[in-house]
Structures are given as C-alpha cells and as structure tokens.
Amino acid sequence: MMNMPPFAHERVEIRHDEATNLTAIIAMHSTRLGPAAGGCRRWRYADVGEAITDALRLSEGMTLKNALAGLPFGGGKSVILADDQPRPTAEQLAVFAGWLNELNGRYVTAEDVGMGVAEMRSMAATSPYVSGLGADGIGGDPSPKTAYGVFVGLKTAVQFALGVEHLHGVRVGVQGLGAVGMSLCHWLVRAGAEVTATDINPARVREARERYRVRGVGPDELLKAEMDVFAPCALGGVIDDEVASILEVRVVAGAANNQLLDATAGEILAERGVVYAPDFVINAGGVISVAHEYLLQRGQFTETVDHSVERWVGERIDAISHRLLDILQQAAASGTSTDGVARRLAREAVAAGRANPARAA
Ligand code: NAI
C-alpha cells in the first residue's frame, strides 16, 4: 500500500507580492488522480508558519475527500494571509490568479472561508483555473451543496447509531452558523430535528432563531447542552482528546474540515461508542459541485448524455450515504475508528489511481 505520511506534499508555493501586499501559500498535496483541487481560504493567521500548517493539513484532506468522492482530482488548498482589508482587492486577486496560471492547471481553486463567488469571478478574468463561478446558473457557491451533503451524512449516521430512519425529535447541536451551518439548520428543522445552535457572532444566532426557530445559545454553552448529535460547522480542531472523552452525544457529524485534532481523538470517540462521520466524507458536496462545474467549463464532462449536471451532482451527493455507511460498518466490524477506516479507503483509492471516467487534463 502507498505510504503517505502527513505533509508528504508534491509541491508547496509560498508567494509574496510586494506591490499589493499579498502573501499566499499554495499547497499541492497530490495530483495522482488529476489536478490538485481545493478552495482558497483567506484568514487572519498569527504568522506565515500557521498559514503553512493550515494549507498542508487542508490540502491533504482534499486528496482524501476528492478520492473518496470519486472525483478526477487530486488534493490542494491555498491560503491567503488576510491583511487589514475586509475583502481582498481586485489587484491582489489578479496577482493570485497569475500565480495559478504559472502552475498551469496543476492546482484548481474555488471558494472557501473568506473567499466567495465575487472573488472567484474576479480571478476568473485572469485565470482559467478557477471554479465556483455560477455562470449560466451551474455550480457557483458550493456551501448549499456542502450543507445538503452533511445533512445526508448526518441522517445516515443517526440511522446507524440510533436505529431511527428519521430525524424527528433528534436533538442536534450546530456549532457555527456561517454559510454551511445556516443552510444545515434549514434541512434539519425541515426534517423535524430539535436544533440548538451557536456562533461567536450573535447576529448569526439571532438570524437562525428568526429564520428557523432554532434554540440559540452562547459559544461556550453548546457542548453543555443535551444533544444526540454534535455538528461542528465552524473551524477545525474542535475535538481534542479531552472533548472526545467527555462529549455526551451519540453522533458527531458536521461540515468543518479537520474536526479531530488528531487520530487519538477519533479512537477515543470510537471506544466510547460515539459514531463519528468523517468530515472529509460528508462535506464533499461543495467540491463535487465545483469539480463538475470546472469539468463542464473545459468540455471535459462526458456524462451528460442522459443526465443534467445538476442531477449528476445531486446523485453524487446522495451517494455520500452509501459511502459513509460502508465506512461505519467496516469500523464497527474491525473495532477501529471511522476516521482511520475512511483514510485507509481514500489512500487505497489514490494508490490504485482510481479515477472517474471524466478525467481532467
Ligand atoms: P463561514 O466562514 O461562512 O462560517 C463559519 C462560521 O463559524 C462563522 O459564522 C463564524 O462566526 C463561526 N465561528 C467561528 N468560530 C466559532 C466558534 N468557536 N464557535 C462558534 N462559531 C464559530 O464558513 P462555511 O463556509 O460555513 O464553512 C464552515 C466549515 O465547513 C469550515 O470549516 C469550512 O472549511 C468547512 N467546509 C465548507 C465548505 C463550503 O462549501 N463552504 C466545504 C467543505 C468544508
């Protein structure tokens, strides 16, 4: 089996542009299944080292996510170190897009935290290696697709753990009410779940309360609330060994990348009988959407003969359920963590070079 230790990346670019004061990291973890694909995050990092670590971790996660989703893409991620401006300037985006061009399609980007459709469209004026543009109503903002995929995965995990086929009366705690968390609330409430939600931004909690009648709590109160399911939808690393040891839930299923601080946290959850739906399995809805938008733009989407793209994407997202169930069953049978099983399956897929027929150049 292929040996892929952490941070065995193919290529990492650390770039700075003096004129626009732009600093960015572009991490290409693997191009074995196709171009390294993964969003561009703009975040206020403490220093360049923290940004590099984030890009390395996130790009490795994209390799696993894209491989398990059966996409003809490898894994990559870029991060921009946010300056004092609330949004990146058009000049900064043009410089970043120029860097993409230098990589000649080896890395393909899309939206992530701090970078929306407007930024992608701006970069697309300079570079063709950008997706999530939403031209002609296809694709665009990946967040709603991510939220729907997380909902599908959450329901599957609940069915596995609690033996119920519906979410009626199931108590779900949503941490983070951004683009994905808010949209997840929509699906959960519609399915009859009892949702308690939080965000460090009180305005988001107010909005969720008004729109979906969820119970809003402060950021420190959520983990103390009575929940069947914890859905982390803010940032990564929320489940360390200590949280894993005391978390009183049956299921963890959310959107945030890298929810487990390390592999031990996943093992502790498994030992305690908490069903963890691996983040990179259930949050793939967004990349499924932008990947197909990208292939379509380039005339490389070959499966549209009797399928609309939207339907194809919808079917792929619904397939998250089968993929997750297989992982949960294998983990239960072998007494290992679900995260460990999912990583093994993804690495095997990469090693075998198993790609989708609609392979990108
Ligand atoms: P976002 O930036 O729109 O929302 C994040 C929200 O979390 C914000 O409202 C923020 O105030 C809140 N937050 C931050 N720290 C918090 C804390 N400690 N407690 C409570 N709330 C906190 O981001 P988005 O797009 O909703 O993504 C959420 C997570 O899902 C991120 O980890 C992202 O990497 C991941 N993800 C997103 C995808 C997408 O399509 N947008 C795709 C796959 C993963």
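Does Arg-171 count as buried, partly exposed or exposed, and at what relative accessibility? In this predicted model, Arg-171 has a relative accessibility of 28% and therefore counts as partly exposed, since the partly exposed class lies between the 20% limit for buried and the 50% limit for exposed residues.

Glu-226 forms a salt bridge with Arg-171, with an N to O distance of 3.3 Å. Arg-171 belongs to strand β7 (residues 171-175), whereas Glu-226 sits in the loop between β9 (215-216) and β10 (229-232), so the contact ties together parts that are 55 residues apart in sequence. Glu-226 itself counts as exposed, at 62% relative accessibility.

The side chain of Asp-228 also meets that of Arg-171 in a salt bridge, here at 3.0 Å from N to O. Asp-228 lies in the loop between β9 and β10 and Arg-171 in strand β7, so this pair links parts separated by 57 residues in sequence. With a relative accessibility of 12%, Asp-228 counts as buried.

Another salt bridge joins Asp-112 and Lys-77, whose closest N and O atoms are 2.9 Å apart. Lys-77 is part of strand β5 (residues 74-81), and Asp-112 is found in the loop between β6 (107-108) and α3 (117-124); the pair therefore ties together parts 35 residues apart in sequence. Lys-77 counts as buried, because its relative accessibility is 2%.

In general, side chains of opposite charge can pair when their charged atoms come close.

Methods. Residues numbered from 1 in each chain as written. Predicted model: local features only at pLDDT ≥ 70, side-chain atom pairs only at ≥ 80, totals over all residues. Heavy atoms only, no water. Salt bridge = Lys/Arg side-chain N within 4 Å of Asp/Glu carboxyl O. Helix = DSSP H or I, 4+ residues; strand = E, 2+ residues; numbered from the N terminus. Buried < 20%, exposed > 50% of the residue type's maximum accessible area, 1.4 Å probe, protein only.
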